[in-house]
Every structure is written in structure tokens, then in C-alpha cells.
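Hi everyone, thanks for coming.

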Amino acid sequence: MFFCKQHLTGVNAERGAGQPAGGSVPGGAAGNGACLSVGSKLCSLWVRASFVAKATAFLESHVQRLMQLLLQIATKDPLNPIKQDVKKGKLRYVANVFPHKGYIWNYGAIPQTWEDPGHKDENTGCCGDNDPIDVCEIGSKVCSRGEVIKVKVLGTLALIDEGETDWKIIAINIEDPEAENYNDINDVRRMKPGYLEATVDWFRRYKVPDGKPENQFAFNGEFKDKDFAVNVIKSTHEHWKALIAKKTDGGEISCTNLTVSGSPFCCSQECAKATVDAAPPCKAANPIPPEVDRWFYYQKN
Ligand SMILES: [Mg+2]
């Protein structure tokens, strides 16, 4: 019933896409925007992976567990590279909110999904956050940046982030040695005690060090099961299909792609290569500022 594991090899970090130089990861990899290449062919991370609308999905990982770089798919840049977020001219890092250290899962997105900011979610009463849907992958392996893995969908959490619907899918890598033991959200509760509670706590407080209020949740912060999560993925996939077909106006979003036949945004390899060649070259990674190591302590409400 599963598709073959599909790894996209060779993240092309030779060229950035207009971001200030900076960001660094252990090992010294550059933090500039990176487009994805499969062999010698370019593609968009948002569009590339096949979509599976059953209980499995592809995850594009952009943040490794324990990492603090705040990376994301740059939806407004041509070919949607992974880039470190920049706020007020400064590279963004996620804070260590005690007892959490960086991200506590592999964090990524499901390609070919979009949380439509013009669509009010019937469950949350809030519109989408204008991004592909996010995934917390709970397996034991720390994924590489840009790695595409196949995951089992287990459940979902409905975060309301600054008034926007921001679904978090909970999933496990199907290659994980324990994957067969995980089939629904209750298996996580049973076999990884405290992990779901820590996940809610993480999302509730991760922006507090930036001076923001605690985030809210629909369903009182309760996780929904696998079937519910699959329906959320399906509906965000429908929103993405409307976006890529230009049936919905995506505003500043770049829908340029190489693989969706019939999409008015579909372009040739030559055109994509010209876009990448025109981007500024990748510079050396900046060192991580020492204040990123700081811990933040809060009284829980
Ligand atoms: Mg999101």
C-alpha cells in the first residue's frame, strides 16, 4: 500500500535566492536559500514530491531536531527555496524555552498543500497562514535539511498562531525502526509519554521570548486523530490545486514550477536555470550568535 521511499538527493546550495548572507548549521553548511535539484534537474520544493492522500504523505524536512535555525520554504521566491527567516534585518532562531532545546522533532512541510488565507477553516474559525501545511516528525533519525521522506500520518494539532490557522500534522518516518507500532495519535501518547504535551507547550510558548503572547489552540489543545488529519491534508491539497491552477489568487506567492502540466505557472528547465543563475551566489555561513544558546524560563499558566 505504500509508495517507494522517495529521497531527493543533492540539495543545490550553490546559489542563494536573494537573502542576506548568514545562518549556519553545525558542520558549517551555508544558510542561504537552496533550491532543490534532482540529478541535474531543478524543481520546486513545494511542488516536487508526489502527493499521497491516504494515511501517508511526503514530508520535506527543513528543520532538524534540536536545531534552532528558523528555516522555511520561501513561498514568494521563484522555485520556493529553503531559507532562514529574517526579521528586521536579523536572521531568526527559535529560542530555547525551558525545558525544550530548539525544535523537538524534525520539522517540515507537506508539498502540494496550502493553508489558504482567504479560506476560513470550519474547525478553527480562522483563515489559513498562507503556507504549506507543517509536520512534526517524531522518529528517531535526525533528518537532513531538504530531505524528502515518506511519513505515516498519526494526528494533528490545530494551532492558532497570531489569529491564523496553522495545522501541525504529527507523523513518523515510515523507515523508522518503530514505525509499525505507530498507527494513530494514541500510540504516540502510549509509547512516547509526555511528547504530545511537550509539543503543545512548545507551540504555545515559542514566540513568547520575542515579546509575543502565548499562542492559542482550537479544540482546547487536544490532538485530533489520523482520519481527521488526513482530511485536513486533503482539503489543503485542494486549496493548493486551485492556487497552482490560478483559480485562487495567491498574491505575492511564486507558483513557478516545472512539473504541473496545465498550470499557467509551469516553466522550462532553461527558464528555471536562468532564475537560479541570476540569484546572488551563496556566501559563507555566519557564526551562530552566542545569545542563541540562552534559555528562557516562564511560569506556566
Ligand atoms: Mg504553518
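Let's start inside: Ala95, Val97, His100, Asp201, Trp202, Arg205 and Tyr206 line the largest cavity. By cavity I mean a set of points on a 1 Å grid over the protein atoms alone where a 1.4 Å probe fits but cannot get out, and lining residues have an atom within 4 Å of a point. Helix H2 (residues 195–205) gives the largest share of that lining, 3 residues. Helices here are DSSP runs of H or I with at least four residues, strands are runs of E with at least two, and both are numbered from the N terminus. By type, the cavity lining has 4 nonpolar, 1 polar and 2 charged residues. Nonpolar covers Ala, Val, Leu, Ile, Met, Phe, Trp, Tyr, Cys and Pro, charged covers Asp, Glu, Lys and Arg, and the others, Gly among them, are polar. The space in the largest cavity is about 40 Å³, and the structure has 1 cavity of 30 Å³ or more. Volume is the space filled by probe spheres set on the grid points, which are joined across faces, edges and corners.

A quick word on ground rules. This is a predicted model, where local features need pLDDT of at least 70 and side-chain atom pairs count only at pLDDT 80 or more, while totals for chains, interfaces and linings use all residues. Residues are numbered from 1 along each chain as its sequence is written, and side-chain values use heavy atoms, with hydrogens and water left out.

Now the pockets, which are open sets with protein on both sides within 12 Å along at least five of seven lines. The largest pocket has a volume of about 890 Å³. It is lined by 33 residues, and Leu70, Gln72, Asp85, Arg92 and Asp131 are the closest to its centre. Its lining divides into 11 nonpolar, 6 polar and 16 charged residues. H2 comes back here: along with strands S5 (71–73), S6 (82–84), S7 (86–87) and S13 (164–173), it supplies at least two residues of this lining.

The second largest pocket is about 660 Å³, and Lys90, Leu91, Arg92, Tyr93 and Asp210 lie nearest its centre.

Last stop, the metal. Which residues coordinate the magnesium ion? They are Asp129, Asp134 and Asp166, each through OD, at 2.1 to 2.2 Å. Donors are N, O and S atoms within 2.8 Å of the metal (3.2 Å for Na, K and Ca), and sites may look incomplete because water is not among the atoms. The donor spacing in sequence is D-x4-D-x31-D. Asp129 counts as buried at 10% relative accessibility; buried means under 20% relative accessible area, exposed over 50%, and partly exposed in between, with a 1.4 Å probe and protein chains only. Asp134 is buried too, at 10%.
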